[in-house]
Amino acid sequence: MELQLGLALPTPNMVKGFDLNNHGLDQLKEMGGLEAWNKAAGCFADKDCVKSKRSFEQAFGNFTEECRTKPLLLWSGQPNEEEDHKDQKKATFSTTDENDAEEDDQVVGWPPIKTWRKKIFQQQQQRRVGRAENNRVAENENGRSIYVKVKMEGVAITRKIDIKLYHSYQSLTNSLITMFAKDKKCDEDDYILTYQDKEGDWLIAGDIPWQ
Amino acid sequence: MPKRLAYSLSDEVLEHVFSFIQSDKDRNVVSAVCKSWYEIERWCRRKIFVGNCYAVSPKMVIRRFPQVRSIELKGKPHFADFNLVPDGWGGYVLPWITEMAGAYPWLDEIRLKRMVVTDESLELIAKSFKDFKVLVLASCEGFSTDGLAAIAASCKNLRELDLRESEVDDSSVHWLSHFPETYTSMVSLNISCLGSGEVSFSALERLVSRCPNLRSLKLNRAVPLDKTANILRLAPQLVEFSTCTYSAELRSDVFSNLAGAFSNCKELRSLSGFWDVVPDYLPAIYSVCSRLTSLNLSYATIHSPDLIKLVSHCPSLQRLLVLDYIEDSGLEALASNCKDLQELRVFPSDPFDVEPNASLTEQGLVAVSLGCPKLQSVLYFCRRMSNAALVTIAQNCPNLTRFRLCIIEPNTADYLTGEPFDVGFGAIVEHCKDLIRLSLSGLLTDCVFEYIGKYAKKLEMLSVAFAGDSDLGLHHVLSGCESLRKLEIRDCPFGDKALLTNAAKLETMRSLLMSSCSVSLEACKLLSQKMPRLNVEVIDERGPPDSRPKNCTVDKLYIYRSVAGPRFDMPPFVWTKDEDLALRLSP
């Protein structure tokens, strides 16, 4: 059955559905509305409406017949095969929000850690680094690591690395390839390392000595 | 109840009976019995909880409940905690304070969560409520120490001032000194969110020393370690304490002073803070560990061996918050030592790094589920998981009420089988029949939502991210979860069909927030049009939704039921319908 995305003009039936809580509406005026919520919930809690899983059409059929509130859309319940939801999913996944005010170009709000906690964590990290207790920056001379964001073309999530850990462009490149290999199969030769200098120009890495 | 009996009880008797009924739900039921009970109940209701400040207007609340003493309001939706709701969206408390200032002179408790509170609001509170006792501002923003100074100066009977996780601007005023010398009523003070400039230690010391009823004290980070001992000696009756900066070079005199101070605190049951902790100082708390029921080490960068040592001293622990430095080995130690554990939260020490920097896997959680039979509430960040582990956890802990799992990398599959986690989460909802809160993560298809719709009958709050294949997923949840109140979804391919089919369901819920999903503007318009008791807000900072191409989906959609009608304080990036049933720019 074709799903009917075309949303019809309100039919008398639909209007009736919304008048379900007529009784509720009177009381709404009197009682300020809280009871009407209970009534609506009552309709939904009605065991006849919600069935345990049989075939989807059956469950849906019961829903429209017995539940007095009409849905706004009649739907066969079959996912529309024309839409490629996987692509859609990827598309949303790869969108990084331009409004992300934070330093890192991570997916906004993921992982779900409260802003407050993130702030504290960042402050602590800076202080920790200063104390040179962090194993990951053990090779530093002056104790401060330099974190840079690295993005690979075609991969959504940027990574953050401490370039103080590397001694040469080659080791950096190798490490990056390994890191990104998880997301995308890549050949070493296919990729070029570029970086953005203070003026915002993109330059190919390797022209200037590592130091 | 037979009519005769109802009429034979006088109003005073009924009112007295109702005074024993504290829960909002029960009160609501009582008020629906008959008109006279409704009348009696509304005059004697003292506590109001408004889960969404836009669901009802202050005038409506005041009209129905004229003698309220305590109010709790929540503003922004939960996803705002993760920057998913743009600044300026709303949640302003001033209109409420303004109305209540006139109507409730005896209001003594205000609890706010995720609201915008201004200094003006705080000054109004200080001025208007003569017997003001409790102010809780959880995850609020918009005020400064000026506002706090007004509260300190005027509220002679203030018992509780709790600013947990709020953002406070430093106006450089020494607000703590504004508590008069005659003020002695503090019972609970939480200023852990304040920055370094905002608390004068000597003022704090004086305050603590003259408040004999102080039970809970949560200090901010800037107070140095050697001062902690001073504070504790002034308040040995503390039950809850959050330490200040817990780092310093190890000095034996400071250590023994601290250890001595802690050992005086016989009532101490809950410890938190431990910012920048130096592990060598941890043994200073060993004397109180055996009595501790709650320990929050989630800001402490101490590693597994020290954590294991600490945890082994705490057999009475019921609640533990910790970083993933605890590792599987630490969680195994927890499982064998802390048999009363009810709540566990494990946060990631480095959430943005792809590679794990601590050996914490699903094994740790499985160990705890096996060893801690009273486990009820779990929040767990990890980088790998298996369906087998989830099934085991579900079987071990049928009493779980809250289960929030965050597998850090989106769309991660079962590391053993490569499968989605449908079966694992399915087991959770099937076995844990009292589950009220669930957060999903990892690779998930529509199947998991079918399980949730089928089994999670008591579920009240569901958080979904990067999951599902089609509208069927959302439809399963909306049609099956009878107790659902809050639903928050991001980056899922859920769209118009499921939403419109289940439009009526939305009126039975507090709210639905969908971010980066597949809902079209047309559907939003239709929903607005057909459901007058829903506020449908399209939150889109990219510009007028009408101007975008037809197939463009809305950025964020926030739908909530309301008897107050549309709100009038919307910022330019929030779009709703107007009388002409077309979306327009809000005023």
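1. B:Glu537 and B:Arg567 form a salt bridge (a side-chain nitrogen of Lys or Arg within 4 Å of a carboxyl oxygen of Asp or Glu), and their closest N and O atoms are 2.7 Å apart. B:Glu537 lies in strand 21 (residues 534-539) of chain B and B:Arg567 in the loop between strand 22 (556-561) and strand 23 (574-577), so the pair ties together parts that are 30 residues apart in sequence. Helices (H or I, at least four residues) and strands (E, at least two) are DSSP runs, numbered from the N terminus. Both B:Glu537 and B:Arg567 are buried. Buried means under 20% relative accessible area, exposed over 50%, and partly exposed in between (1.4 Å probe, protein chains only).

2. On the basis of the note: this is a predicted model, in which local features need pLDDT of at least 70 and side-chain atom pairs count only at pLDDT 80 or more, while totals for chains, interfaces and linings use all residues. Residues are numbered from 1 along each chain as its sequence is written, chains are lettered from A and ligands numbered from 1 in the order in which they are written, and side-chain values use heavy atoms, with hydrogens and water left out.

3. Over all chains, the structure holds 30 salt bridges. B:Glu165 pairs with A:Lys114, the closest N and O atoms being 3.2 Å apart. B:Glu165 lies in the loop between strand 6 (160-162) and strand 7 (168-169) of chain B and A:Lys114 in the loop between helix 5 (85-94) and helix 6 (115-131) of chain A, so this pair joins two chains. B:Glu165 is partly exposed at 26% relative accessible area, and A:Lys114 is partly exposed at 30%.

4. A further salt bridge links B:Glu181 with B:Arg210, with 3.7 Å between the closest N and O atoms. B:Glu181 lies in the loop between strand 7 and strand 8 (188-190) of chain B and B:Arg210 in the loop between helix 9 (201-209) and strand 9 (216-218), so parts 29 residues apart in sequence are tied together. B:Glu181 is exposed, at 55% relative accessible area, whereas B:Arg210 is buried, at 15%.

5. The largest nonpolar core has 208 residues, of which B:Leu320, B:Phe403 and B:Ile452 touch the most other members. Such a core is a set of buried Ala, Val, Leu, Ile, Met, Phe, Trp, Tyr and Cys residues joined through side-chain atoms within 4.5 Å. Residues up to four places away in sequence aside, B:Phe403 touches, among others, B:Leu365, B:Val378, B:Leu390, B:Phe425 and B:Arg437; contact here means heavy atoms within 4.5 Å. A second, separate core of six residues includes B:Leu14, B:Phe18, B:Val30 and B:Ile40.

6. Helix 15 (residues 362-371) of chain B is largely enclosed by the rest of the structure, because eight of its 10 residues are buried. Among them are B:Leu365, B:Val366, B:Ala367 and B:Val368. The cover over the buried residues of helix 15 includes helix 14 (327-337), strand 14, strand 15 (377-382), helix 16 (387-396) and strand 16 (402-407) of chain B.

7. B:Val346 is in strand 14 (residues 343-347) of chain B and is buried, with a relative accessible area of 0%. Leaving aside neighbours within four places in sequence, its contacts include B:Val322, B:Leu331, B:Leu360, B:Leu379 and B:Phe381.

8. Zero disulfides are found over all chains, a disulfide being a pair of cysteine sulfur atoms within 2.5 Å. For B:Cys432, the nearest cysteine sulfur is that of B:Cys397, 7.2 Å away; B:Cys432 is buried at 2% relative accessibility. For B:Cys481, the nearest is that of B:Cys492, 14 Å away; B:Cys481 is buried at 0% relative accessibility.

9. Chain A has seven helices and four strands, which run α-α-α-α-α-α-β-β-α-β-β from the N terminus on. Of its 211 residues, 36% are buried. Among contacts in chain A between residues at least 6 apart in sequence, 40% join residues at least 24 apart. Chain A exposes about 13500 Å², with carbon and sulfur atoms supplying 51% of it; accessible areas come from the Shrake-Rupley method with a 1.4 Å probe, and for residues only the protein chains shown count as cover.
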